Amino acid sequence: MSTFQIEGGYQLKGDITPQGAKNEALQILCAVLLTPEKVTISNIPDIRDVNKLIEILRNLGVKIQKLGKGSYSFKSDDLNLSYLESEQFKKEGSGLRGSIMIVGPLLGRFGKGYIPRPGGDKIGRRRLDTHFEGFIKLGATFRYNKEERFYGVEAPDGLTGTYMLLDEASVTGTANIVMAAALAKGTTTIYNAACEPYLQQLCKMLNAMGANIKGIGSNLLTIEGVTSLNGCEHRVLPDMIEIGSWIGLAAMTKSEITIKNVSWKDLGIIPNTFRKLGITLEKKGDDIYIPSHKDGYEIESFIDGSFMTISDAPWPGFTPDLLSIILVVATQARGEVMVHQKMFESRLFFVDKLIDMGAKIILCDPHRATIIGHDFKSQLKATTMVSPDIRAGISLLIAALSAKGTSTIHNIEQIDRGYENIDERLRAIGAKIIRVD
């Protein structure tokens, strides 16, 4: 287990370039299973979760060639489907939640897909019903081995398109169903589909492979099934969650930072949500420039003067992955804000560590926290903490970089799951952070 030691209280300065989007990469990588032809993908982030999925694909028989930093080719022309029922796969697949998305393409192309109950962040219940209900509506038979916690779907005669109204706008659920439906007979209509930029990217990639998907960017997708898909080239978007993390870092440390090549058109309401906390963001070409907030930043109130609330919602609402960043940044703002985490019930439980550091936070219930900002009149105090999940981990890291003294963060493998070489990249802009193995 590795540890970060962070000496806080320093202003940072410089340019930082976001990695490729983790959540998009996990979907796109699974899509290579839909075709026997070569698929080339660039801007893949070098992070633990993505590398785990690449290893699963390799063990499944995908021919993988690294072409350069973040660039790979994949060829799924001779797969070993027996691997899916092996003890090795049960172990490897259960350690990565994103592995669930291999089921849709395998079901669509080969008529069967298996997966152990996947892991991932411990942020409350994350049910898989949307995935499997969608497959069943397409004509698959579902089975679950409760003792081995192993799921399977089979459709030996192929899938048939249908209409479905999803019970929740699940991003991975929508992605899985879209990939299966791309090779189904007839027309599939998905209402209440997720429409995040990651999902849009997946649909665009599938269309480049020969799929026929309409309604991209909306919550109503129409998929005309095709008999086969071809290869393509695809580039992963910059990671919007990492971009939001760097915005929060700049504000909390009063640093002057430029975030390069952010793909502004795909950021949605993320920039304006940070502006509600009083953070200044400037658009310079496709970069975000954040000046040093020497005089701090002040939380806005609503037009009627009422208390500011920031909550998550399915896209184009505010992504839940950035609420923990909003929360930690608010601890040094002028004013008060309520953070309402609607989509997961255990994602706010890291606030006890911020309270230990001197933050003024009232945890109202598992979903809501009220933050009274210090306005930098009282600096957070260094402490020792453990990273419980990816997003809480980066929030604690930001808090430590702004705190007085030297903090220690254990279990940083959680941060490494989502952030590429984060300590090296932070040192490049002046952070005092070392990794201890």
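Asp 375 is buried in this predicted model, because its relative accessible area is 18% and the cut-off for a buried residue is under 20%. This residue lies in the loop between strand β20 (residues 368-372) and strand β21, and its backbone carries a positive phi of about 55 degrees although Asp 375 is not a glycine. Most residues other than glycine have a negative phi, and most peptide bonds are trans. The side chain of Asp 375 also takes part in a network of salt bridges, in which it is linked with Glu 298, Arg 334 and Lys 377.

**Further backbone features in loops**

A positive phi, of about 50 degrees, is also found at Asn 261, which is likewise not a glycine. Asn 261 belongs to the loop between β14 and α9, and with a relative accessible area of 47% this residue is partly exposed. Another feature of the backbone concerns the peptide bond that joins Trp 315 and Pro 316, which is cis, with an omega of about 10 degrees. Pro 316 itself is placed in the loop between β17 (residues 308-311) and α10 (residues 323-330).

**Salt bridges**

Side chains of opposite charge can pair when their charged atoms come close.

| Asp 49 | Lys 22 | 3.7 Å |

In the pair formed by Arg 368 and Asp 365, Arg 368 is partly exposed at 31% relative accessibility, and Asp 365 is partly exposed at 24%.

**Helix α12 and its surroundings**

Helix α12 (residues 390-402) has 13 residues and spans 19 Å from its first C-alpha to its last, which is close to the 18 Å expected at 1.5 Å a residue. Is this helix mostly covered or mostly exposed? Helix α12 is mostly covered, with 13 of its 13 residues buried. At the start of α12, a side-chain oxygen of Asp 389 comes to within 3.0 Å of the backbone nitrogen of Arg 391.

Pro 388 is located in the loop between β21 (residues 384-386) and α12, and at 36% relative accessibility Pro 388 counts as partly exposed. Leaving aside residues up to four places away in sequence, Pro 388 touches Phe 350, Leu 396 and Gln 414. The C-alpha atoms of Pro 388 and Asp 321 are separated by 14 Å, although these two residues are 67 residues apart along the chain.

Ser 245 has its place in helix α8 (residues 240-252) and counts as buried, at 1% relative accessibility. When residues up to four places away in sequence are not counted, Ser 245 touches Leu 322, Ile 325, Ile 394, Ile 398 and Tyr 419.

**A nonpolar patch on the surface**

Which residues form a nonpolar patch on the surface? Tyr 163, Leu 165, Tyr 191 and Leu 220 form such a patch, and together they have about 400 Å² of accessible area. Among them, Tyr 191 is in strand β10 (residues 187-191), and at 38% relative accessibility Tyr 191 counts as partly exposed.

Methods. Residues numbered from 1 in each chain as written. Predicted model: local features only at pLDDT ≥ 70, side-chain atom pairs only at ≥ 80, totals over all residues. Heavy atoms only, no water. Patch = residues over 30% accessible without salt bridge, like charges linked within 9 Å, V, L, I, M, F, W, Y side chains within 5 Å. Areas by Shrake-Rupley, 256 points an atom, 1.4 Å probe, with all protein chains shown as cover. Salt bridge = Lys/Arg side-chain N within 4 Å of Asp/Glu carboxyl O. Helix = DSSP H or I, 4+ residues; strand = E, 2+ residues; numbered from the N terminus. Buried < 20%, exposed > 50% of the residue type's maximum accessible area, 1.4 Å probe, protein only. Expected span 1.5 Å × (residues − 1). Polar contact = N/O pair within 3.5 Å; in protein donor to acceptor, adjacent residues only side chain to side chain. Contact = heavy atoms within 4.5 Å.
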